Amino acid sequence: MAIHRNTISKMNKQFAKDVKLGLSETPKNLSSKYFYDEKGSTLFSEIMKLPEYYLTNAEFDIFKNQPLDIIQLLEIHKTSYFELIELGAGDGSKTIELLKVLEHENYHYQYLPIDISQKALDQIENTVAQQLPNKKITPKKGDYFQILNELKNSPFPKVVLFLGSNIGNMEDALANSFLKKLSKNLSKGDKIILGTDLKKEKDIVLPAYNDSKGITRDFNLNLLERINRELDANFDINQFEHVPEYDELEGIAKSRIRSKIDQKIPINSLNLTVSFKEKETIHTEISRKYDDVILEKICTNTGLKTIGKLMDKREYFADYILEKKS
Ligand code: AVI
């Protein structure tokens, strides 16, 4: 009993609530935001290095080869000071390419990466220390909007980076509310660099979510392992499979977990037993792919307008430059 109480006090209450709700619904679902525990974050770093996962290289290509175009579209001047704020900086490998040029061209700015993970912030600090030893950065640990709200009162123009097509893990309606909230924390004339994976053929998109080494499979199934670890459950991941799909017309990659057999899984911390029929699925992730029309749709009533778009050589990926107009 003591152990059980201890388990409950340690577990993430919101995670427990969401797992209970998601696995009680039809169809069953679990939010992709729960992918990123320590193991999941390590697996995602591996995914980004996979040849099939073209997104990272494509966006890197834009930052490496077109930094001056980015700067020009941002309409920043060497004489004025601005704040470059990055939401979820990852390892910073793309942004560092922009920073190198801003440094070389003597722009005046402060770089503020925001992340809830101290590990991610330490990593970006290391990258900058190694590649630009004279540049001091200002990492901020916490919730994006809480920190943006704190930064709102500073008198300086802002450029917000939201890269990696992270926006694509939100349904369009949620992406729209996210951009509305972001826009509310900005002032007229501020800019956003929004990284988006573009709609394209299934032959290119699907392998990115179904790699030959099975890392994406492990990444998806880690959700069940996380429930085992944190909520004292008994999922045998060999009895489940990773099911990715991509509908070219809709432009959305979807990941599911499918039960191979009829089975009942106890989740002890929730006092719940979840039944699965053979082939029953749990929806775990969407990865929206964009074009100009969808981009415009998610910008509706946000006060944000597209003022530029930069693509990699193969036109797989785009960084849209948005400006707060009102
Ligand atoms: C973080 N996000 C943009 C990734 C994506 O492509 O949707 C997460 C991911 N899921 C499977 N592979 C990578």
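What percentage of the 326 residues in the chain do buried residues make up? The answer is 51%. The model is a predicted one.

Start with the fold as a whole. The chain has twelve helices and 13 strands. Its radius of gyration is 21 Å, close to the 20 Å that the globule rule gives for 326 residues, so the chain is as compact as a globular protein of that length. The C-alpha trace spans about 65 × 45 × 40 Å along its principal axes.

Glu201 sits in a loop. Strand 6 (191-197) lies on one side of that loop in the chain, and helix 10 (202-208) on the other. Is Glu201 exposed, partly exposed or buried? Its relative accessibility is 44%, so Glu201 counts as partly exposed. The reasoning rests on two cut-offs: buried means under 20% relative accessible area, and exposed means over 50%. Partly exposed is the range in between.

Next, look at a lysine. Lys180 belongs to helix 9, which covers residues 172-184. Lys180 has a relative accessible area of 31%, so Lys180 is partly exposed. How many Å separate the C-alpha atoms of Lys180 and Glu105? The separation is 33 Å. Along the chain, Lys180 and Glu105 are 75 residues apart.

Notes:
Residues numbered from 1 in each chain as written. Predicted model: local features only at pLDDT ≥ 70, side-chain atom pairs only at ≥ 80, totals over all residues. Heavy atoms only, no water. Helix = DSSP H or I, 4+ residues; strand = E, 2+ residues; numbered from the N terminus. Buried < 20%, exposed > 50% of the residue type's maximum accessible area, 1.4 Å probe, protein only. Rg over C-alpha atoms; globule rule 2.2 N^0.38 Å.
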